Amino acid sequence: MKITAIELIQFTYPSSVVRDAEGHSHPGPQHEAQGTITHISTDEGVDGYSMGGAPVMLETARQVLLGKDPLHREYIWQKLRQFQRMRGPALHDRYLGALDLALWDIAGKVAGLPLYKLLGAYRDKVPAYASTMCGDEIPGGLDTPEHYADFAQACVEEGYTAFKLHTWMAPIGPDPKRDVAACAAVRERVGPEIDLMLDCNHDYSRMEALYIGRALEELDFHWFEEPMPEASMSSYIWLAEQLDIPVVGPETAGGQFFTRAEWIVNEASDISRYDVALGGLTPMMKCIHLCEAHGVALEVHGGGHGNLHALGAMGIPGEYYERGLLHPQYDYEAARPWLESRGDGIDDEGYVHMPQAPGLGLDIVWDFVNENRI
């Protein structure tokens, strides 16, 4: 089997998500947005698809992939990783991840297995937590601690057993006391049985992060995520030493699993963090095994099919699937008209079940994509 073509499919879709000056998502007026699908073809008619990618990646991707066996994923991933040094913008981790996931999609289809089973299944469902959008100034949205509590209660009534706040970030915030007030309001509303997490402004000082962390300990929060710049690993070593609540990270720091290895051996966080967007499923599984070898939990950042399959194959925590980003004025279920289903619906007990179709399990609505193709 050989790779014969690499294509980027671009299409438009109606979206009600807008981004503020700092890039954070909020509900807004409906407008036209653009989506992409990475498509890898083979000479045996088995095609791989993944969401994401960009035109800038195609020249390098074709140079490395064309004519190669798509099942040689490790060889291809290593070549692309090496190319990142000199062609960084053309092979951003997200683009590398899109290519890697499309190759895994081919592998699953060749084997006739969903990817979590191809990887060596550990479970076929995982509990989800409701992960909010960032705080805002939208009346009745996420504009006050009380409205965070209202939304948390609604999520619990829907079946979630855990809830994570993203609080007010620039340009609206930040404010440590306001963050703590929102966390306190949510805890009071949902009671002691629901696991709560906080992912707050990522640029607090050490003392601000310590203030928030100690308050979260009193509120019995489950973990504390990215309160300071992750370029300063020493700040996280210091914070983890001060607090009993688990500190989670790194999330946005570059360097893929190599950086996570440094955080683990330097005890900069209690729980590690990874995402298939950081280079694909190939490096994610490397990071999972790295954490397992060191007795460190890994919580998966973000949702999507690739992350869900990784959770299904993990023999260590990943305790939760991150479902979101959610908001009381945003229809999460209807937000991806190019898919028959999002693939991460929750059942009555708050679980998300692993996709069962071969490969990634993307159920693409080709009529919609082709009608709106750029």
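Helix 10 covers residues 281-294 and helix 11 covers residues 305-313. Helices here are DSSP runs of H or I with at least four residues, strands are E runs of at least two, and both are numbered from the N terminus.

This is a predicted model, where local features need pLDDT of at least 70, side-chain atom pairs count only at pLDDT 80 or more, and totals for chains, interfaces and linings use all residues. Residues are numbered from 1 along each chain as its sequence is written, and side-chain values use heavy atoms, with hydrogens and water left out.

**Two helix pairs**

Packed helices are described by the angle between their axes and the distance between the axes. The axes are lines fitted to C-alpha atoms, for helices over the stretch in contact, and the angles run from 0 to 180 degrees between N-to-C directions.

| Helix pair | Axes come within | Crossing angle |
|---|---|---|
| helix 10 and helix 11 | 11 Å | roughly 30° |
| helix 2 and helix 10 | 10 Å | roughly 95° |

So what makes the contact between helix 10 and helix 11? L281, M284, M285 and I288 come from helix 10, while helix 11 brings G306, N307, A310 and A313. Contact means heavy atoms within 4.5 Å.

E74, W77 and Q78 in helix 2 touch T282, P283 and K286 in helix 10. The class count for this contact is two nonpolar, two polar and two charged residues.

Now for an open sheet of three strands, in the order 1-2-3 with antiparallel pairing. Strand 1 (3-19) and strand 3 (48-51) each have a single partner strand, so one side of each is left without a neighbour in the sheet. Strand-to-strand twist averages 15°. Pairing requires at least two DSSP bridges between the strands.

Strand 1 pairs with strand 2 (residues 25-42) over 15 bridges, and S15 has H31 in strand 2 as its bridge partner. Their hairpin has five residues between the strands, with G23 in the turn at a positive phi of about 90°. Strand 2 and strand 3 are joined by four bridges, including T38 with S50 and I40 with G48. This hairpin also has five residues between its strands, and G45 takes a positive phi near 80°.

**Overall picture**

The protein has 12 helices and 12 strands. Its radius of gyration is 20 Å, close to the 21 Å from the globule rule for 374 residues, so it is as compact as a globular protein of that length. The radius is taken over C-alpha atoms, and the rule is 2.2 Å times the number of residues to the power 0.38. Those C-alpha atoms fill a box of roughly 60 × 45 × 40 Å along the principal axes.

Technical notes. Nonpolar A, V, L, I, M, F, W, Y, C, P; charged D, E, K, R; others polar.
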